[in-house]
Amino acid sequence: MHYPSMTRQYIVALFTVFLALFSFQGYTQNTAPTTAPSQPQGNTPINPSQAVEFYNQAKNAGMSDMDIERAALQRGYTLDDISSIRRRLQQTTQDNTKRDPKRDALDETREQDDQDELDEETNNENDSTSLRRGRSRRLSRTFGSTFFGQSTVTFEPNLRIPTPKNYILGPDDELVVDIYGNSVDNFRMKISPEGTVKMLNLAPVYVNGLTIEQASERIVNRLRQAYSTLNRPGSGTYSTITLGNVRSIRVMVLGEALRPGTYTVSSLSTAFNALYVSGGPGRNGSYRNIEVVRNNKVIKKIDLYRFLVDADLQDNIALQDQDIILIRPFDSRIELTGEVKKTGIFEAKPGETLKDILRYAGGFNPEAFTGLIQYKRNTGNNFVIGSIDSSQVATFQPRNGDSFTVKRILDVVANQVEIRGAVTRPGIYPLDERTKTVKELITISQGTSPRAFLNRALLERASGETQTGLVAIDLRKLLNGEIPDIVLQPGDVLTIKSVEDLREFTYLSIGGSVINPGEYYYYKDITIADLVFQAGGYTEGGVPYRIEVSRRVKNDTTGLPENQNVRVFTLNVADNLVINEDDQKFELLPYDIVLVRKSPRYEVQKTVTVVGEVMYPGTYTIRNNFERISDLFTKVGGLKKEGYLKGAKFYRNQELVALDLQAIADRPSLPANLLLADGDTMVIPKKSETIRIQGGVYNPSLVNFDKNFSFKEYISQAGGFTERARKSRTYVSHPNGRTYRTTRLLFFRSYPKVEPGSVITIPMKTERPDRQMSPGERIAIISLISTLAITVIRFL
């Protein structure tokens, strides 16, 4: 028979089938549909930048809004998304138009100039060329420039005001005519480009170039053709003519403006409105010499300092069409630094003095040294420095480019003397008529203290150079008039020591059963009773006998063993701290340590607490140190009928101690019958009728307790073990805190006993994630199997 041939054919067929199945599995894994690129969902927040980019790209491609909507729908956007994109685009447009881009650019330019200037000054302090250039840049930051450079400041004309007097009417102005009384009518008229207004069926009235009062008179005269008695006394028909919408006018801002040009403003605008929109004076522009030109005539010269310093609006005149605001270059600027309220660059007009410039700067700071002000002046060839005193400030006229520096006063007191140490009121005193000498200084400080050392005092006095000298004084003789008094000088410091300052601090220590243990000052002839008195007396439980005193050994070592370096004394002191001869005989020495003992039978009461199903729950006192847990059952009068002793819990220091209190009550001789400690708590619960099953079961739950149920029947109540349940590690926690685990003998498991209120826990096996093979690993396995199969076939 051809067994080898049949075997070979069978193996080839088996291998072919296996290879086909394996290849099909790899193919299905490799060709599984991948997740499509995520499309925008309706509940996905739209990124504003992406929405704007998408819209701009579509617009640049020439698509209409309808085409853009279709394209958005095809890309996965919903109608809600498209609406959201529209709202975001509108919001972006509104945000971009809220701020004036020119004003923002102006702010950034000013801030950048200031920052560049500071960097330049900091990095080039030793470069004279850079210093000159930095100083030139500083001159661009004049007083008032920040007023025009802040985007938060608005200077728009107020349109909600009564019609200004002498307002000149022009084309595009609107007049409101209100007729009331016996006849009622109301109409609005707009001035035509020809300067006329037309009302009702009457002929036009020319009002261009007239004031509102003059125009009103002409209009009323014309209206009398329709209302003959209009505005006549006793006629009963009246009219009022007011200004409605105002026209726009064009003004030019020329010269040294930051942004010169032609501006369209409201006809109610003033000179300050136009200055603000143009950015104000530029780097070389004057703040003191600004001209308003009308019909080739200068009608007003504006000094902005009057407004910035004094809030004077007399220069803020109303503008008319084709007005020109000419900002002249500045004539003179000076710099103020140091102790003034506002430092910077200030513009000076001819004839103004340094006093005027200081007023513009807000005056001196409180710490300013006003007696002498230094300045630096450009002579055309170099710089020179000079100074002026306070009497010259009102007459000194600065020149262009002058730099004034106000220095700070010295941080010293010129007429002070000081007394330190053992006097009643040490401190600093003025050197005046009452404190000219050392004795007067001691008198004004209310004299020396009782513990003052009078044999020597020291007077520190500056010698006129950088050194300080000492003058020794016999204070006792000086106070008694035996030696002449010493005249004080500014800056003198008198130091008087106390007796304690001139010797080492010596103390006694007391500890143990006293109210305030610690270190106390040593006095001559002090006794133990004195020291106990200073420490507040004995504490509750402290006893006056067997008080121990330990003492350092200095020189006297009589009767002291060689290996002992301290002496120890045991004494008895009267309980009421009365003075007696025996106590006075023992003399305490510095650094002695006194220890007061506590009564050997003194002890704070200790209590335990019993709660739950007992006859008399509450707190009980531990009578002696030998009471145990079993003694509590007698104190509480026994358990109630519903009390469940097997489930009782015992706590020590708020921590559960796993004890079988039922066994302790039955057999008090057990080692588990612990001695009671202060704060112990015993809880006797009612008998529980449920069992909790948790962990590796299909239905973790709370089930009823049945004494006839076995362990497996309880597991069945919870749906049985899961596939990952670790049956051999199952454990049961009894209500008293004890835990019992499953045991195993050969092939048999012994599950723990279940009591009422127990918790059955079935641990779970840790789930290990399966790792799928990569395509390369599958190819390698197929190749290995193929090689093995070919080898086997050849062998057969």
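In what order do the five strands of the open sheet run? The views below take that up, along with a second sheet and its helix. This is a predicted model, so local features are described only at pLDDT of at least 70 and side-chain atom pairs only at pLDDT 80 or more, while totals for chains, interfaces and linings use all residues. Residues are numbered from 1 along each chain as its sequence is written, and side-chain values use heavy atoms, with hydrogens and water left out.

**View A. The five-stranded open sheet is mixed, in the order β27-β26-β30-β28-β29.** Strands here are DSSP runs of E with at least two residues, and helices are runs of H or I with at least four, numbered from the N terminus. Two strands pair if DSSP finds at least two bridges between them. At the edges sit β27 (618-621) and β29 (655-657), each pairing on one side only. From one strand to the next, the twist averages 25°. Look for β28 (residues 649-652) running antiparallel to β29 over three bridges, with Tyr651 opposite Leu656 in β29.

**View B. Ser630 sits in the loop between β27 and α16 (631-635).** Ser630 is buried, at 15% relative accessible area (buried means under 20%, exposed over 50%, partly exposed in between, with a 1.4 Å probe and protein chains only). Skipping neighbours within four places in sequence, Ser630 is in contact with Ile664, Pro668 and Asn673 (contact means heavy atoms within 4.5 Å).

**View C. Three antiparallel strands make an open sheet, β2-β1-β5.** β2 (185-190) and β5 (237-243) are the edges, each with a single partner strand, so one side of each has no neighbour in the sheet. Strand β1 (residues 174-181) pairs with β2 over six bridges, and Leu175 stands opposite Met189 in β2.

**View D. Helix α8 (residues 212-223) lies across β1, β2 and β5.** α8 runs at about 140° to β5 (axes are lines fitted to C-alpha atoms, for helices over the stretch in contact, and angles run from 0 to 180 degrees between N-to-C directions). Its buried residues are Ile212, Ala215, Ser216, Ile219, Val220 and Leu223. Down the axis of α8, these fall within an arc of 135°, so they line one face of the helix (the arc is that of the directions from the helix axis to the C-beta atoms). Their cover includes β3 (196-197) and β4 (205-206).
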